[in-house]
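This report walks through selected parts of one structure, beginning with a pair of facing residues and ending with backbone angles. Please keep the sequence and the model in view while reading.

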Amino acid sequence: MSRVLLFTGKGGVGKTTLSAATAASLAAHGRKALVVSTDPAHSLGDALDVRLGAEPSEVDGSGGLFACQIDPRGLVDEAWGELRGHLRTVLAGAGVDELDAEELTVLPGVEELLALAEVRRLAASGPWEVVVVDCGPTAETLRLLSLPEAFAGYLERLFPTHRRVVRGLLAGVAGTGTVEKWDATADALSRLAERLDALRSMLADPSSCSVRLVLTPERVVAAETRRTLTALALQGIRVDSVIANRLVPSPGAARGAAATWLRTRRQEQDAVLAELTGIGEIRTVDHRASEPVGVPALLEVAEQLYGDSDPLPGSAVSESMLEVSGSGRGLDARYSLRIALPLNDDTELDLARVGDDLALTVDGRRRLVALPSLLRRCIVTGAEMDSGGVTVGFRPDPSLWR
């Protein structure tokens with residue numbers, strides 16, 4: 001399985017250039033690298049100055065750098081069309097109106113989901129050591145990365161894995177023929193579920209996949225970057241680097257109106273970066289007089305970005321998102337659940353208990369956190385928030401200890 005690096009950021013910050021530069025640098029250092037675009041507004045070919053298709057092709061003749069632009073529409077026609085046909089047949093046979101069956105099988109986000117599945121397929125089957133992904137803008141990427149879990153839940157609710165129950169239901173309302181059609185559909189759904197599980201495993205494994213956030217030193221962009229860091233942590237996805245692009249070069253001791261403008265602008269940018277505390281090292285790239293197009297120019301960008309260091313960090317050990325502590329015995333015990341998340345002073349946070357899960361909503365994004373077995377027989381006593389996360393208090397539920 002190749003290592004996957006996902007580049008994202010607010011639209012227009014230069015993520016396509018930096019993802020292409022990273023892939024070119026990896027290839028120049030002797031690694032086989034594939035750079036892939038899932039951004040609907042493909043511009044990867046323009047950055048590399050080559051024509052790209054849906055299948056990987058060699059870029060520079062070195063045998064190390066390959067690129068492609070994924071065609072989500074083609075993936076839908078190829079992979080989803082047949083399954084949709086199966087589902088329409090089964091639903092119609094079970095008495096669902098033809099128009100309703102058509103609407104039920106148009107699942108939201110399927111194009112983006114299949115694009116992400118294609119990235120995983122390329123990472124699992126190709127000869128590349130690294131797959132660098134030029135993702136869409138931040139909002140689209142967050143939606144994309146949450147799709148495997150959301151889609152799996154939708155699939156489970158619509159078509160439960162308890163096939164025998166569904167077979168019995170269909171047999172009662174539609175006869176044996178529909179049950180046979182369900183078997184074929186259920187097999188296709190099982191294969192799709194396996195792909196979803198594989199996607200979720202890849203995204204949650206820091207040794208297999210990580211995100212690099214690209215920003216420009218502007219307050220609006222920096223604020224979005226902070227929210228993105230929190231949202232990715234909420235989904236259990238690791239960010240291994242933050243890159244500040246297009247810093248105005250320092251004019252040094254030069255004088256004149258132009259030098260004054262450059263010095264003032266750079267001071268403003270440095271102040272924005274100084275406010276991004278607590279997120280680790282921020283790599284920087286200067287704004288260039290000419291647009292970096294083609295492999296030689298991209299390698300110059302990569303040299304400033306990475307210097308002599310390896311563009312691909314070693315496999316990192318991910319910190320646990322959940323940590324339980326406590327003391328006491330029986331009904332007198334008190335426990336704390338620490339949920340590690342980068343939070344801001346203006347973060348909107350909501351917690352709710354949903355069965356054996358804790359529903360955590362941060363700035364409108366919700367995730368169900370499965371409670372450790374120790375806490376499932378407890379009730380929530382309160383919660384405190386700080387910049388590093390949330391601490392939730394628990395005590396045993398007397399009604400469950402009788």
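## The open sheet

Arg212 stands opposite Ser241 in strand 7, and the two strands concerned, strand 6 and strand 7, run parallel and are joined by 5 bridges. Two strands are taken to pair if DSSP finds at least two bridges between them, while helices (H or I, at least four residues) and strands (E, at least two) are DSSP runs, numbered from the N terminus. The model is a predicted one, in which local features need pLDDT of at least 70 and side-chain atom pairs count only at pLDDT 80 or more, whereas totals for chains, interfaces and linings use all residues. Residues are numbered from 1 along each chain as its sequence is written, and side-chain values use heavy atoms, with hydrogens and water left out.

Which strands make up the open sheet, and in what order? The sheet has 8 strands in the order 3-4-2-5-1-6-7-8, and its pairing is mixed. Strand 3 and strand 8 (282-286) stand at the edges with a single partner strand each, so one side of each is left without a neighbour in the sheet.

## The hairpin of strands 12 and 13

Strand 12 (residues 357-362) pairs with strand 13 (residues 365-370) in the antiparallel sense over 6 bridges. Leu358 has Val369 of strand 13 as its bridge partner. The hairpin has 2 residues between the strands, and Asp363 takes a positive phi near 50 degrees there.

## The cavity

The structure holds 1 cavity of 30 Å³ or more, and about 30 Å³ of space lies in the largest cavity. A cavity here is a set of points on a 1 Å grid over the protein atoms alone where a 1.4 Å probe fits but cannot get out, and lining residues have an atom within 4 Å of a point. Grid points are joined across faces, edges and corners, and the volume is the space filled by probe spheres set on the points.

The lining of the largest cavity is formed by Gly9, Lys10, Thr138, Leu213, Val214, Val221, Glu224, Thr225 and Thr228. Strand 6 (209-215) and helix 9 (219-234) are the elements that give two or more residues to this lining, and helix 9 gives the most, with 4 residues.

## Two buried residues

Ser2 lies in the segment before strand 1 (3-9) and is buried, with a relative accessible area of 3%; buried means under 20% relative accessible area, exposed over 50%, and partly exposed in between (1.4 Å probe, protein chains only). A polar atom of the Ser2 side chain lies 2.3 Å from the backbone oxygen of Trp128. Not counting residues up to four places away in sequence, Ser2 touches Ala123, Trp128, Glu129, Val130, Val131 and Ser208, where contact means heavy atoms within 4.5 Å.

Ala47, in helix 2, is also buried, with a relative accessible area of 8%. Ala47 and Ala20 are 27 residues apart in sequence and 7.2 Å apart in space, C-alpha to C-alpha. With residues up to four places away in sequence left out, Ala47 touches Thr16, Pro292, Val293, Gly294 and Leu298.

## Positive phi angles

Asp49 has a positive phi of about 65 degrees although it is not a glycine. Asp49 is found in the loop between helix 2 (44-48) and strand 3 (57-58) and counts as exposed at 57% relative accessibility.

Arg246 is a residue other than glycine with a positive phi, near 65 degrees. Arg246 has its place in strand 7 (residues 239-247) and is partly exposed, with a relative accessible area of 32%.

Definitions and conventions:
Polar contact = N/O pair within 3.5 Å; in protein donor to acceptor, adjacent residues only side chain to side chain. 1 Å grid on protein atoms, 1.4 Å probe; cavity = no way out; pocket = protein on both sides within 12 Å on 5 of 7 lines; lining within 4 Å.
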